Amino acid sequence: MGAAGLLAGLILVGALAPGVALGQQAAPPASPQPADLAADLANANARIKVWDIPDIDLLPDDEEGRLVRYGRSVLEASARHIGPDAADPAQRFAGNNLACANCHLDAGRKKFGLPLVAAAADYPRYSTRSGAVADLAERIDSCMTRSMNGRAMPRDARPMRALLAYLTLLSSALPKDARIEGAGAGAIPLLDRPADPARGAVVYAQTCVVCHRSGGEGLRRNAVDASFGYGVPPLWGPDSFNDGAGMNRLVTIANFVHDNMPNGVSWVMPELAPADAWDVAAYVTSQKRPHRDGLERDFPDLLDKPVDTPYGPYADGFSQTQHKYGPFGPIRAEIARLKADKGRVPNPNVR
Ligand code: HEC
Ligand code: HEC
């Protein structure tokens with residue numbers, strides 16, 4: 001199987017190119033050229049196409065090298081180090097057994113797989129959700145309290161220092177405030193109808209259930225010891241991200257799923273039609289998941305609130321259902337109008 005598998009892999013790589021040439025989406029970056037990088041860096045508004053990511057395995061085996069490697073492990077084997085069943089009770093910061101890398105794919109290095117390559121270059125930055133400047137540790141903590149359904153980590157906790165060291169190394173080739181191509185999860189076209197969870201259930205049964213299972217519970221790596229984490233992560237239920245997480249917003253999850261699922265596909269050659277991605281995302285976000293208190297205080301300026309935030313209050317008159325499922329075009333237009341009109345709309349729950 002080894003040699004045949006390798007050969008098939010090579011043929012597959014060859015086969016990707018024609019699909020791209022036919023205009024599936026934008027062409028993938030050619031092999032990294034120093035000249036490209038120089039041109040990227042010269043143009044302040046351009047998104048950096050070629051990611052120059054240092055090879056962690058080439059770091060020396062000194063204190064810094066070990067901290068960076070541990071940081072990558074915290075990202076990939078989060079449940080082992082900081083999960084609810086981690087060996088050291090003092091290190092149990094996460095409330096679920098997800099791994100950061102279940103969403104930040106390929107250890108934070110995948111285009112449109114919520115990459116973390118530019119994070120250390122982009123923070124500190126203003127957070128519209130909290131209405132204050134957040135540094136990178138605070139941004140990590142907002143995934144800790146939402147995506148990982150847990151609690152903030154003290155800055156001097158070793159897993160936090162290690163994550164910061166790993167992310168800092170990922171960004172080490174980038175200038176401050178760099179904008180990278182492939183940031184986030186993509187931008188499939190909006191639907192002009194609400195996303196349909198019932199249709200999404202059919203897509204789920206056809207495309208997702210084989211891995212994520214019928215109760216959305218995924219597949220643990222080890223049946224008795226949860227700290228091994230997941231071979232396939234849960235999409236809802238008690239061990240999933242909570243209702244305040246970015247992945248619980250329809251635009252985010254629909255794009256993530258379109259560009260990355262079934263696991264192994266990429267934005268270069270997605271498998272799902274955009275409408276199927278919207279509908280299956282609506283099915284997933286309709287399911288039960290842990291609740292986070294205090295969400296009504298997110299976004300001190302309600303005009304900064306993303307249109308797909310599934311919880312109020314809102315600046316506009318659209319229903320919560322429309323904010324959950326769309327269509328988002330009319331909401332975006334109304335927000336733009338209110339912005340021009342009022343500038344800001346203070347959140348009544350924040351003072
Ligand atoms: C359930 C999916 C999920 C998990 C698990 C998750 N994140 Fe995130 N993370 C996101 C999403 C989605 C965003 C994009 C921001 C948004 O839409 O709110 C994000 C954004 C970030 C950012 C900011 C990136 C940038 O460039 O702005 C950092 C840093 C980050 N996450 C770190 C982590 C770390 C560290 C962990 C593990 C402790 C983690 N995340 C776990 C989904 C997740
Ligand atoms: C071949 C198995 C497989 C299939 C099919 C698949 N997934 Fe996944 N999915 C995974 C794996 C594995 C991960 C975690 C990736 C990682 O850790 O590198 C994942 C991650 C995710 C995540 C982010 C992590 C989380 O827990 O929320 C979402 C959302 C998701 N999948 C949704 C879907 C949807 C919707 C479908 C169907 C359209 C689907 N997946 C099909 C295996 C699969």
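Reader: Let's start with ligand 2. Which helix gives the most to the shell around ligand 2?
Author: Helix 9 does, with five residues. One thing to keep in mind: this is a predicted model.
Reader: Okay. Which helices each supply at least two residues of that shell around ligand 2?
Author: Helix 9 (197-212), helix 10 (250-260) and helix 11 (274-285).
Reader: And which residues come nearest to ligand 2?
Author: The shell has 24 residues. Cys-208, Cys-211, Pro-233, Pro-262 and Asn-263 come nearest.
Reader: What classes of residue are in the shell around ligand 2?
Author: It has 20 nonpolar and four polar residues. There are no charged ones.
Reader: Which domains does the shell around ligand 2 draw on?
Author: Domain 1 (30-170) and domain 2 (197-285). Each gives at least three residues.
Reader: Now ligand 1. Where does it lie relative to the domains?
Author: Ligand 1 lies between domain 1 and domain 2, because both give residues to its shell.
Reader: Which residues come nearest to ligand 1?
Author: Cys-100, Cys-103, Cys-143, Ser-147 and Gly-246, out of 23 around it.
Reader: Which helix gives the most to the shell around ligand 1?
Author: Helix 7, with four residues. Helix 7 spans 136-145. Helix 6 (119-122) also supplies at least two.
Reader: How many charged residues does the shell around ligand 1 have?
Author: Two. The others are 15 nonpolar and six polar residues.
Reader: New topic: helix packing. At what angle do the axes of helix 3 and helix 8 cross?
Author: Roughly 100°. The axes of helix 3 (residues 63-76) and helix 8 (residues 158-170) come within 7 Å. Angles of 65 to 115 degrees count as roughly perpendicular, so helix 3 is roughly perpendicular to helix 8.
Reader: Which residues of helix 3 and helix 8 meet there?
Author: On the helix 3 side, they include Leu-67, Val-68, Tyr-70 and Gly-71. On the helix 8 side, Ala-162, Leu-163, Ala-165 and Tyr-166 are among them.
Reader: How do the residues of that contact divide by class?
Author: Into 11 nonpolar, one polar and three charged.
Reader: Now the backbone. Is the peptide bond from Tyr-123 to Pro-124 cis or trans?
Author: Cis, with omega near 0°. Pro-124 sits in the loop between helix 6 and strand 1 (125-127).
Reader: And the peptide bond from Gly-312 to Pro-313, cis or trans?
Author: That one is cis, with omega near 0°. Pro-313 is in the loop between helix 11 and helix 12 (320-325).
Reader: What about Phe-112, is its phi positive or negative?
Author: Positive, near 60°, and Phe-112 is not a glycine. Look for Phe-112 in the loop between helix 5 (105-108) and helix 6.
Reader: Last stop, helix 13. How many residues does it have?
Author: Helix 13 has 14 residues, 329-342. From first C-alpha to last, helix 13 reaches 20 Å, close to the 20 Å expected at 1.5 Å a residue.

Note on methods:
Residues are numbered from 1 along each chain as its sequence is written. Chains are lettered from A and ligands numbered from 1 in the order in which they are written. This is a predicted model: local features need pLDDT of at least 70, side-chain atom pairs count only at pLDDT 80 or more; totals for chains, interfaces and linings use all residues. A residue is near a molecule or strand if its C-beta atom, placed from the backbone, lies within 6 Å of it. Ala, Val, Leu, Ile, Met, Phe, Trp, Tyr, Cys and Pro count as nonpolar, Asp, Glu, Lys and Arg as charged, and the others, Gly among them, as polar. Domain bounds come from an automatic or database domain assignment. The expected span of a helix is 1.5 Å times one less than its number of residues. Axes are lines fitted to C-alpha atoms, for helices over the stretch in contact, and angles run from 0 to 180 degrees between N-to-C directions. Angles under 35 degrees count as roughly parallel, over 145 as roughly antiparallel, 65 to 115 as roughly perpendicular and the rest as oblique. Two residues are in contact if their C-beta atoms, placed from the backbone, lie within 7 Å.
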